[in-house]
Amino acid sequence: NDVRYYSELESTNSTAREIAPSASEGTVVLAETQKNGRGRMGTEWQSVPGGLWLSLILKPSIPLENLSKVTLVAGIAVANTLRNMGVDAHIKWPNDVLVKGKKICGILTEVSAEIGKVDYVVLGIGINVNVKLPDLKDDIRRDSTSIANEIGKPIDRTSFLASLLYELEQQYIRFKTRQFAEIVDEWINLSDTIGRNVKVTTPIKLIEGKAVGITEKGALVVLDKNNKKHEIIAGNCRYSD
Ligand code: BTN
(Lines give C-alpha, C1' and ligand atoms only; values in the text may rest on other atoms or scores of the structure.)
Protein backbone atom coordinates (compact mmCIF):
# COMPACT_ATOMS: atom_id res chain seq x y z
CA ASN A 1 0.00 0.00 0.00
CA ASP A 2 0.95 3.60 -0.60
CA VAL A 3 0.90 4.95 2.98
CA ARG A 4 0.80 8.72 3.50
CA TYR A 5 1.74 9.62 7.01
CA TYR A 6 1.00 12.95 8.73
CA SER A 7 1.66 14.01 12.28
CA GLU A 8 -1.59 15.97 12.37
CA LEU A 9 -4.59 16.40 10.07
CA GLU A 10 -8.07 17.84 10.36
CA SER A 11 -9.45 14.42 9.44
CA THR A 12 -7.83 11.56 7.52
CA ASN A 13 -11.18 11.00 5.81
CA SER A 14 -11.21 14.58 4.51
CA THR A 15 -7.64 14.32 3.19
CA ALA A 16 -8.39 10.91 1.66
CA ARG A 17 -11.43 12.35 -0.14
CA GLU A 18 -9.32 15.18 -1.55
CA ILE A 19 -6.66 12.88 -2.96
CA ALA A 20 -8.95 9.95 -3.88
CA PRO A 21 -9.61 10.92 -7.52
CA SER A 22 -5.91 10.68 -8.36
CA ALA A 23 -4.82 8.12 -5.77
CA SER A 24 -4.53 4.42 -6.49
CA GLU A 25 -6.71 1.84 -4.81
CA GLY A 26 -5.32 0.81 -1.44
CA THR A 27 -3.78 4.19 -0.61
CA VAL A 28 -3.74 4.78 3.14
CA VAL A 29 -3.87 8.18 4.84
CA LEU A 30 -2.60 8.05 8.41
CA ALA A 31 -2.33 10.72 11.10
CA GLU A 32 -0.99 10.69 14.66
CA THR A 33 -3.75 13.05 15.75
CA GLN A 34 -6.79 14.66 14.15
CA LYS A 35 -8.03 18.13 15.01
CA ASN A 36 -11.45 17.45 13.61
CA GLY A 37 -11.93 13.68 13.62
CA ARG A 38 -15.40 12.78 12.44
CA GLY A 39 -17.67 9.99 13.65
CA ARG A 40 -20.85 8.56 12.17
CA MET A 41 -24.05 10.60 12.14
CA GLY A 42 -22.24 13.90 12.45
CA THR A 43 -20.58 13.12 15.77
CA GLU A 44 -17.09 14.11 16.86
CA TRP A 45 -14.36 11.46 17.06
CA GLN A 46 -11.77 12.18 19.70
CA SER A 47 -8.39 11.37 18.14
CA VAL A 48 -5.70 11.62 20.78
CA PRO A 49 -2.10 10.38 20.45
CA GLY A 50 -1.57 6.61 20.68
CA GLY A 51 -4.47 5.63 18.45
CA LEU A 52 -4.50 4.53 14.86
CA TRP A 53 -6.46 7.01 12.77
CA LEU A 54 -6.49 6.02 9.15
CA SER A 55 -8.45 6.14 5.92
CA LEU A 56 -8.23 3.58 3.16
CA ILE A 57 -9.13 4.53 -0.40
CA LEU A 58 -10.98 1.83 -2.33
CA LYS A 59 -12.31 1.86 -5.87
CA PRO A 60 -14.69 -1.07 -6.13
CA SER A 61 -16.93 -1.20 -9.17
CA ILE A 62 -20.16 -1.78 -7.30
CA PRO A 63 -23.57 -0.12 -7.36
CA LEU A 64 -24.11 2.45 -4.62
CA GLU A 65 -26.69 0.23 -2.93
CA ASN A 66 -23.91 -2.25 -2.12
CA LEU A 67 -21.96 0.24 -0.08
CA SER A 68 -23.08 -1.03 3.32
CA LYS A 69 -21.54 -4.38 2.39
CA VAL A 70 -18.10 -2.78 2.28
CA THR A 71 -18.74 -1.43 5.76
CA LEU A 72 -19.56 -4.90 7.09
CA VAL A 73 -16.39 -6.25 5.46
CA ALA A 74 -14.28 -3.62 7.25
CA GLY A 75 -15.80 -4.52 10.62
CA ILE A 76 -14.95 -8.18 10.04
CA ALA A 77 -11.33 -7.29 9.20
CA VAL A 78 -10.85 -5.22 12.35
CA ALA A 79 -12.53 -7.81 14.59
CA ASN A 80 -10.39 -10.61 13.10
CA THR A 81 -7.18 -8.62 13.55
CA LEU A 82 -8.01 -8.08 17.22
CA ARG A 83 -9.02 -11.70 17.78
CA ASN A 84 -5.77 -12.89 16.24
CA MET A 85 -3.99 -11.12 19.06
CA GLY A 86 -6.23 -12.53 21.74
CA VAL A 87 -8.61 -9.59 22.15
CA ASP A 88 -12.23 -10.78 22.33
CA ALA A 89 -13.77 -8.40 19.79
CA HIS A 90 -17.40 -8.34 18.66
CA ILE A 91 -19.13 -6.19 16.08
CA LYS A 92 -22.12 -4.06 16.96
CA TRP A 93 -24.20 -3.21 13.92
CA PRO A 94 -23.32 -1.60 11.65
CA ASN A 95 -19.60 -1.49 12.40
CA ASP A 96 -18.58 -0.56 15.89
CA VAL A 97 -16.03 -2.98 17.25
CA LEU A 98 -16.53 -3.65 20.96
CA VAL A 99 -14.64 -5.54 23.61
CA LYS A 100 -16.74 -6.55 26.64
CA GLY A 101 -19.34 -4.04 25.54
CA LYS A 102 -16.88 -1.15 25.25
CA LYS A 103 -15.93 0.53 22.02
CA ILE A 104 -12.41 -0.05 20.73
CA CYS A 105 -12.92 0.94 17.08
CA GLY A 106 -15.27 3.02 14.97
CA ILE A 107 -15.61 3.00 11.19
CA LEU A 108 -16.86 5.85 9.01
CA THR A 109 -17.49 4.95 5.37
CA GLU A 110 -17.80 7.83 2.92
CA VAL A 111 -18.45 7.58 -0.78
CA SER A 112 -18.39 9.50 -3.99
CA ALA A 113 -20.75 8.16 -6.59
CA GLU A 114 -22.10 9.16 -9.97
CA ILE A 115 -25.31 7.82 -11.48
CA GLY A 116 -25.65 5.27 -8.73
CA LYS A 117 -22.24 3.73 -9.32
CA VAL A 118 -19.46 4.02 -6.79
CA ASP A 119 -16.49 6.13 -7.84
CA TYR A 120 -14.43 5.66 -4.74
CA VAL A 121 -14.96 4.71 -1.12
CA VAL A 122 -13.10 6.19 1.82
CA LEU A 123 -13.03 3.73 4.68
CA GLY A 124 -12.16 5.68 7.83
CA ILE A 125 -11.03 3.49 10.68
CA GLY A 126 -10.26 4.72 14.18
CA ILE A 127 -8.77 2.24 16.64
CA ASN A 128 -7.88 3.01 20.24
CA VAL A 129 -4.61 1.10 20.08
CA ASN A 130 -2.44 2.65 22.81
CA VAL A 131 -4.83 5.46 23.68
CA LYS A 132 -4.64 6.37 27.37
CA LEU A 133 -8.24 6.21 28.54
CA PRO A 134 -7.85 9.16 30.97
CA ASP A 135 -7.10 11.31 27.88
CA LEU A 136 -10.68 10.79 26.68
CA LYS A 137 -13.60 12.99 27.63
CA ASP A 138 -15.71 11.56 30.47
CA ASP A 139 -18.74 10.60 28.41
CA ILE A 140 -16.61 8.90 25.75
CA ARG A 141 -14.27 7.21 28.24
CA ARG A 142 -17.14 5.53 30.04
CA ASP A 143 -17.97 3.46 26.94
CA SER A 144 -14.46 3.05 25.50
CA THR A 145 -11.52 0.74 25.81
CA SER A 146 -8.17 0.39 24.04
CA ILE A 147 -6.00 -2.52 22.95
CA ALA A 148 -3.36 -1.57 25.54
CA ASN A 149 -6.03 -1.54 28.22
CA GLU A 150 -7.29 -4.98 27.19
CA ILE A 151 -3.94 -6.73 26.99
CA GLY A 152 -2.26 -4.83 29.79
CA LYS A 153 0.55 -3.15 27.84
CA PRO A 154 1.06 -0.90 24.82
CA ILE A 155 1.60 -2.69 21.51
CA ASP A 156 3.67 -1.93 18.43
CA ARG A 157 1.40 0.12 16.19
CA THR A 158 3.41 -0.51 13.02
CA SER A 159 3.06 -4.27 13.18
CA PHE A 160 -0.58 -3.90 14.19
CA LEU A 161 -1.15 -1.72 11.11
CA ALA A 162 0.55 -4.32 8.91
CA SER A 163 -1.73 -7.10 10.25
CA LEU A 164 -4.80 -4.89 9.84
CA LEU A 165 -3.99 -3.96 6.24
CA TYR A 166 -3.32 -7.61 5.43
CA GLU A 167 -6.66 -8.67 6.93
CA LEU A 168 -8.51 -5.83 5.15
CA GLU A 169 -7.01 -6.93 1.86
CA GLN A 170 -7.98 -10.58 2.39
CA GLN A 171 -11.54 -9.62 3.27
CA TYR A 172 -11.78 -7.20 0.34
CA ILE A 173 -10.57 -9.86 -2.10
CA ARG A 174 -13.14 -12.25 -0.70
CA PHE A 175 -15.83 -9.60 -1.05
CA LYS A 176 -14.98 -9.15 -4.72
CA THR A 177 -14.69 -12.83 -5.55
CA ARG A 178 -17.10 -14.76 -3.34
CA GLN A 179 -20.79 -14.87 -2.49
CA PHE A 180 -21.88 -12.17 -0.09
CA ALA A 181 -23.76 -14.82 1.95
CA GLU A 182 -20.38 -16.09 3.13
CA ILE A 183 -19.52 -12.65 4.48
CA VAL A 184 -22.92 -12.29 6.13
CA ASP A 185 -22.35 -15.61 7.93
CA GLU A 186 -18.97 -14.52 9.23
CA TRP A 187 -20.33 -11.12 10.24
CA ILE A 188 -23.14 -12.77 12.21
CA ASN A 189 -20.63 -15.02 13.98
CA LEU A 190 -18.53 -12.03 15.01
CA SER A 191 -21.46 -9.82 15.93
CA ASP A 192 -23.21 -9.51 19.27
CA THR A 193 -26.21 -7.69 17.75
CA ILE A 194 -28.26 -10.54 16.33
CA GLY A 195 -30.77 -11.81 18.90
CA ARG A 196 -30.61 -8.63 20.99
CA ASN A 197 -33.36 -6.11 21.61
CA VAL A 198 -32.39 -2.90 19.86
CA LYS A 199 -33.43 0.68 19.34
CA VAL A 200 -32.31 1.88 15.94
CA THR A 201 -32.53 5.54 14.98
CA THR A 202 -32.45 6.43 11.31
CA PRO A 203 -32.76 9.92 9.85
CA ILE A 204 -36.50 9.32 9.47
CA LYS A 205 -37.62 7.05 12.29
CA LEU A 206 -36.96 5.10 15.46
CA ILE A 207 -37.39 1.35 15.29
CA GLU A 208 -37.61 -0.79 18.41
CA GLY A 209 -37.54 -4.55 18.33
CA LYS A 210 -35.37 -7.60 18.09
CA ALA A 211 -32.45 -7.80 15.66
CA VAL A 212 -32.95 -11.05 13.76
CA GLY A 213 -30.61 -10.98 10.79
CA ILE A 214 -28.79 -9.28 7.94
CA THR A 215 -30.15 -9.18 4.38
CA GLU A 216 -28.01 -9.92 1.35
CA LYS A 217 -27.83 -6.15 0.79
CA GLY A 218 -26.24 -5.73 4.22
CA ALA A 219 -29.32 -4.30 5.95
CA LEU A 220 -30.18 -5.10 9.57
CA VAL A 221 -33.50 -6.92 9.96
CA VAL A 222 -35.50 -5.88 13.03
CA LEU A 223 -38.77 -7.46 14.12
CA ASP A 224 -40.95 -4.99 16.07
CA LYS A 225 -43.49 -5.89 18.75
CA ASN A 226 -46.21 -6.30 16.14
CA ASN A 227 -43.95 -8.76 14.30
CA LYS A 228 -43.49 -6.24 11.53
CA LYS A 229 -40.18 -6.64 9.73
CA HIS A 230 -37.94 -3.61 9.16
CA GLU A 231 -34.86 -3.65 6.96
CA ILE A 232 -32.50 -0.89 8.00
CA ILE A 233 -29.64 0.04 5.75
CA ALA A 234 -28.12 2.80 7.89
CA GLY A 235 -28.73 4.05 11.38
CA ASN A 236 -27.55 4.23 14.92
CA CYS A 237 -28.14 1.17 17.07
CA ARG A 238 -28.45 0.91 20.83
CA TYR A 239 -29.02 -2.24 22.83
CA SER A 240 -32.07 -2.12 25.06
CA ASP A 241 -31.41 -5.28 27.08
C1 BTN B 1 -17.82 6.19 14.59
O2 BTN B 1 -17.83 5.19 15.31
O3 BTN B 1 -18.62 7.12 14.78
C4 BTN B 1 -16.85 6.25 13.44
C5 BTN B 1 -15.54 6.83 13.86
C6 BTN B 1 -14.52 6.86 12.73
C7 BTN B 1 -13.22 7.53 13.13
C8 BTN B 1 -12.17 7.46 12.07
S9 BTN B 1 -10.58 7.97 12.63
C10 BTN B 1 -9.96 7.99 11.00
C11 BTN B 1 -11.07 8.52 10.12
N12 BTN B 1 -11.02 9.98 10.02
C13 BTN B 1 -12.11 10.55 10.58
O14 BTN B 1 -12.30 11.78 10.64
N15 BTN B 1 -12.93 9.61 11.07
C16 BTN B 1 -12.42 8.27 10.81
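1. About 1,200 Å² of area is buried between domain 1 and domain 2, and carbon and sulfur atoms give 65% of that area. On the domain 1 side, the residues that lose the most area to domain 2 are Met-41, Lys-92 and Trp-93. Together these three make up 49% of what domain 1 buries. The model is a predicted one, and the points below should be read with that in mind.

2. The two parts named above are domain 1, covering 3–190, and domain 2, covering 197–239. Their C-alpha centres are 23 Å apart. Domain 1 brings 14 residues to the contact, and domain 2 brings 16 residues. The count of salt bridges between domain 1 and domain 2 is zero.

3. Next, the open spaces. The largest pocket holds about 900 Å³ of space. Its lining is made up of 41 residues. Which residues lie nearest the centre of the largest pocket? They are Thr-43, Glu-44, Trp-45, Asp-96 and Lys-103.

4. Several helices and strands take part in the lining of the largest pocket. At least two residues each come from the helices α1 (12–19) and α3 (138–141), and from the strands β3 (52–58), β5 (96–99), β6 (102–114), β7 (117–127) and β12 (236–239). Strand β6 gives the most, with five residues. Both domains are represented: domain 1 and domain 2 each provide at least three residues of this lining.

5. Sorted by class, the lining of the largest pocket consists of 16 polar, 14 nonpolar and 11 charged residues. Asp-96 and Lys-103 are among the residues nearest the centre of this pocket.

6. The second largest pocket has a volume of about 420 Å³. It is lined by 18 residues, and those closest to its centre are Arg-40, Thr-71, Thr-109, Ile-233 and Ala-234. This lining also draws on both domains, with at least three residues from domain 1 and at least three from domain 2.

7. Which elements supply at least two residues each to the lining of the second largest pocket? These are helix α2 (67–84) and strand β6. The largest share comes from α2, which gives four residues. By class, this lining has 10 nonpolar, six polar and two charged residues. About 40 Å³ of space lies in the largest cavity. Its lining consists of Leu-56, Leu-58, Val-70, Val-73, Ala-74, Leu-123, Leu-168 and Tyr-172. By class, eight of the lining residues are nonpolar, with no polar and no charged residues.

8. Strand β3 and the helices α2 and α5 (157–177) each supply at least two residues to the lining of the largest cavity. Helix α2 has the largest share here, with three residues. Helix α2 also gives the largest share of the lining of the second largest pocket, four residues.

How values were computed:
Residues numbered from 1 in each chain as written. Predicted model: local features only at pLDDT ≥ 70, side-chain atom pairs only at ≥ 80, totals over all residues. Heavy atoms only, no water. 1 Å grid on protein atoms, 1.4 Å probe; cavity = no way out; pocket = protein on both sides within 12 Å on 5 of 7 lines; lining within 4 Å. Points joined across faces, edges and corners; volume = space filled by probe spheres on them. Nonpolar A, V, L, I, M, F, W, Y, C, P; charged D, E, K, R; others polar. Domains from an automatic or database assignment. Contact = heavy atoms within 4.5 Å. Buried area = accessible area lost by both parts, 1.4 Å probe. Salt bridge = Lys/Arg side-chain N within 4 Å of Asp/Glu carboxyl O.
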